Amino acid sequence: MTMKVLLFQRPTRGFSIFVTLVFISVLWSISRLRPHGSLLPTTFDKWGGIGEWKGQGGGGEGGGRGGSSPPPGGGTPADQTTLNGAQRPYRPKLDPGQCPKDLEFLRRPELGLTDNILYSRRCIEPIFKADFDRNTITNIAGPLVTNTTALDLTSCSHDEPIPCEPLALEVPMPYPRDAQYPHLLFGVASKYERMREAIPAFAHWLAGTGARLVGTIADAVPPEHQDDTTRNSFNLSLLEEEYRAAGIIATFRPPKIFKRLNLKDGKPDPRPVPVEHHHFLVIKELLSVIDSSQSSQPPHWLAILDDDTFFPSLSPLSHTLSRHDHTRPAWLGALSDDFQAVQAWGFMAFGGAGSFLSLPLARQLAPHLEECITTASVQTGDGILRDCVYSHTRTRLTLVEGLHQHDIRGDPSGFFESGVWPVLSLHHWKSWYHAPVAKMARVAKEVCGDCFLMRVRFGTDSSKDHKRRKEEESLLSLGYSITQYPGLANGLDDIDLSRVEGTWKEAERKEKFAFSYGPLRRRLQVEKEKKSWRLVDVDIGEEDLSSTPTQSTTTKKESGGVKEGRAWPSQRKGQKRFRQIYVHKAAGPALGESMDEVIELVWEV
């Protein structure tokens with residue numbers, strides 16, 4: 001009875017104060033942990049842990065069919081997987097030279113890594129093959145990860161060379177260095193700030209190529225309509241200088257039409273001209289640039305793009321276009337990979353994938369451009385172009401394999417891990433899904449050409465017992481991810497790698513995506529069946545570590561567990577190398593993971 005009375009008594013004032021202080025202490029501890037990375041929300045939180053960005057952004061400006069609104073504040077830049085501002089973990093500043101360059105690169109707060117990480121790396125020697133079969137999976141008998149080192153990124157106290165076991169890997173030949181593509185002319189219609197934000201992505205495939213970009217800045221006010229409030233709103237000359245500083249030859253102009261063309265009788269319409277109309281009318285700007293240049297060798301192909309159209313490289317694109325006769329009227333492009341979008345919008349070149357007109361075809365269309373806007377059956381730039389081509393020429397669309405409209409939302413990993421080839425273009429990578437495409441495709445530019453997204457299967461040695469083989473196996477999708485399959489009884493043997501994993505939203509709807517990707521395999525459960533390391537950053541520079549082999553405390557995977565091993569010698573100082581950083585984010589102490597896991601691939605270039 002006494003116990004019951006005690007239980008229902010009101011707590012004393014002192015006890016209430018004690019509970020309050022404990023609660024405040026817990027909150028203070030959590031706030032102290034977050035800046036140091038232990039509970040830090042990183043870019044991978046927004047990837048949903050599986051590559052799906054929480055909160056879809058808007059589609060690219062141009063001829064596309066739109067998309068949902070971007071996250072408030074604009075979200076994180078889609079061409080990178082790094083953190084900004086208050087999101088970054090705290091890293092104590094160290095004296096210059098106190099930390100080797102290899103570790104300093106990992107310490108950068110914008111990567112959002114936990115203070116302590118499990119780190120592995122392999123030094124890859126590319127073996128170039130002219131007859132490399134890009135559609136096959138390369139099999140390597142041994143494991144990818146052979147050594148793991150625990151690193152403290154706050155103190156940088158690990159002063160011994162980090163193991164980097166060499167790996168000879170057959171890859172395709174590099175693309176020609178410093179190749180020029182003046183026969184390609186690209187056109188885009190977008191808004192001023194979007195074009196400024198797009199510079200890094202455009203620079204990846206346009207800088208130093210001799211190809212030219214022409215843009216209509218839809219929200220710039222033409223000179224004849226400017227007043228004191230709009231005269232200095234958009235400095236197109238400054239925008240051209242910014243592109244020039246990035247190595248891109250670019251010309252930007254305000255819209256040629258300032259008032260909307262009425263869809264029926266041609267009377268003035270006070271509504272603003274939609275970007276989709278400028279997307280179509282960029283043909284006029286492209287022809288104007290060609291005529292004003294008076295070049296004896298005008299471009300072969302005029303490309304109409306969205307501002308988020310991305311080409312991993314112009315080399316395979318140019319090679320593919322060369323198979324078609326540019327001296328005759330020709331229209332090249334791709335359909336949407338969503339068959340319901342094709343049913344809704346019709347048979348046309350979906351502009352996010354890139355739409356290519358031969359110069360003779362563009363000349364045929366030129367006299368009819370304004371008329372085509374007023375008579376088109378739809379008011380999207382792609383649809384207006386389709387109707388104009390069919391109404392005024394005998395040219396019909398030629399489909400080009402490898403141009404990707406990418407009308408997929410959510411987690412795109414199934415596509416990027418499928419070994420897809422060719423990959424001439426990508427789209428929607430900063431809106432319908434998020435992927436650091438410029439970093440992903442950098443390996444094609446710096447190392448091995450067509451190797452982008454090639455697959456390498458590790459741990460295929462059939463002489464080893466089942467348990468060890470499963471522990472050692474992994475799948476590298478070069479430039480995107482490294483995956484393991486711990487929850488499958490037979491690991492990779494349980495997966496039909498000839499099929500695409502249906503990871504994106506509505507992938508299971510056959511009426512939408514079987515048209516493009518064939519029968520899909522089921523989406524695997526993240527962490528339970530599939531563990532992924534995603535590419536987060538790349539770098540190219542000189543080796544900075546000593547070439548002298550020294551003893552280092554590392555763990556080396558063996559059949560009986562782990563054992564201490566001798567450090568592998570690093571590369572010679574001054575040798576160029578290309579680094580890829582793949583990261584598996586820790587799920588948290590509650591789930592048995594408190595440290596991020598980093599796998600680095602170091603390529604000799």
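Leu524 lies in the loop between helix 18 and strand 17 (531-542); helices (H or I, at least four residues) and strands (E, at least two) are DSSP runs, numbered from the N terminus. The model is predicted: local features need pLDDT of at least 70, side-chain atom pairs count only at pLDDT 80 or more, and totals for chains, interfaces and linings use all residues. Residues are numbered from 1 along each chain as its sequence is written, and side-chain values use heavy atoms, with hydrogens and water left out.

Leu524 has 7% relative accessibility and therefore counts as buried, a word used for under 20% relative accessible area, with exposed meaning over 50% and partly exposed in between (1.4 Å probe, protein chains only). Contact means heavy atoms within 4.5 Å. Apart from neighbours within four places in sequence, Leu524 is in contact with Tyr485, Leu488, Ile495, Glu501, Glu529 and Lys530. Gly502 is 22 residues from Leu524 along the chain, and the C-alpha atoms of the two are separated by 8.8 Å.

The protein chain as a whole has 18 helices and 21 strands. Of its 605 residues, 52% count as buried. Among contacts between residues at least 6 apart in sequence, 75% join residues at least 24 apart.

Ser474, in strand 15 (residues 474-477), is buried at 3% relative accessibility. Not counting residues up to four places away in sequence, Ser474 touches Leu144, Val456, Arg457, Phe458, Ile482, Thr483, Gln484 and Leu492.

The next topic is the nonpolar cores. In soluble globular proteins, nonpolar side chains tend to be buried together. A nonpolar core here is a set of buried Ala, Val, Leu, Ile, Met, Phe, Trp, Tyr and Cys residues joined through side-chain atoms within 4.5 Å. The largest has 88 residues, of which Phe186, Leu213, Tyr243, Phe356 and Trp603 touch the most other members. Helix 6 (residues 199-206) gives the most to this core, with six residues. A second, separate core of 35 residues includes Phe280, Val289, Ile290 and Ile304.

Helix 6 is mostly covered, with seven of its eight residues buried. These are Ile199, Ala201, Phe202, Ala203, His204, Trp205 and Leu206. Just after helix 6, Gly208 takes a positive phi of about 70 degrees.

Phe356 has contacts with Phe186, Trp301, Leu302, Ala303, Phe311, Leu317, Leu321, Ala330, Trp331, Leu332 and Leu403, leaving out residues up to four places away in sequence. Phe356 also belongs to an aromatic cluster with Phe186, Phe202, Trp205, Tyr243, Phe252 and Phe311. Rings of Phe, Tyr and Trp (its six-membered ring) pair if their centres lie within 6.5 Å; planes under 30 degrees apart count as stacked, over 60 as edge-to-face and the rest as tilted. By this rule the count comes to 17 aromatic pairs. Tyr243 and Phe252 have ring centres 5.0 Å apart and planes at 65 degrees, so the pair is edge-to-face. Tyr243 is buried at 0% relative accessibility, and Phe252 is buried with a relative accessible area of 4%.

In helix 8 (residues 275-293) and helix 13 (residues 381-392), the axes come within 7 Å and cross at roughly 45 degrees. Axes are lines fitted to C-alpha atoms, for helices over the stretch in contact, and angles run from 0 to 180 degrees between N-to-C directions. Helix 8 and helix 13 are therefore oblique to each other: angles under 35 degrees count as roughly parallel, over 145 as roughly antiparallel, 65 to 115 as roughly perpendicular and the rest as oblique. Glu276, His277, His279, Phe280 and Ile283 in helix 8 meet Gly381, Asp382, Ile384, Leu385 and Cys388 in helix 13.

Some backbone angles remain. Most residues other than glycine have a negative phi, and most peptide bonds are trans. Trp421 and Pro422 are joined by a cis peptide bond, with omega about 0 degrees. Pro422 lies in the loop between helix 14 (413-416) and helix 15 (437-440), and His428 lies in the loop between helix 14 and helix 15. His428 has a positive phi, near 65 degrees, and is buried, with a relative accessible area of 4%. Glu506 has a positive phi of about 65 degrees although it is not a glycine. Glu506 is in the loop between strand 16 (481-484) and helix 18 (510-517) and is partly exposed, at a relative accessible area of 35%.
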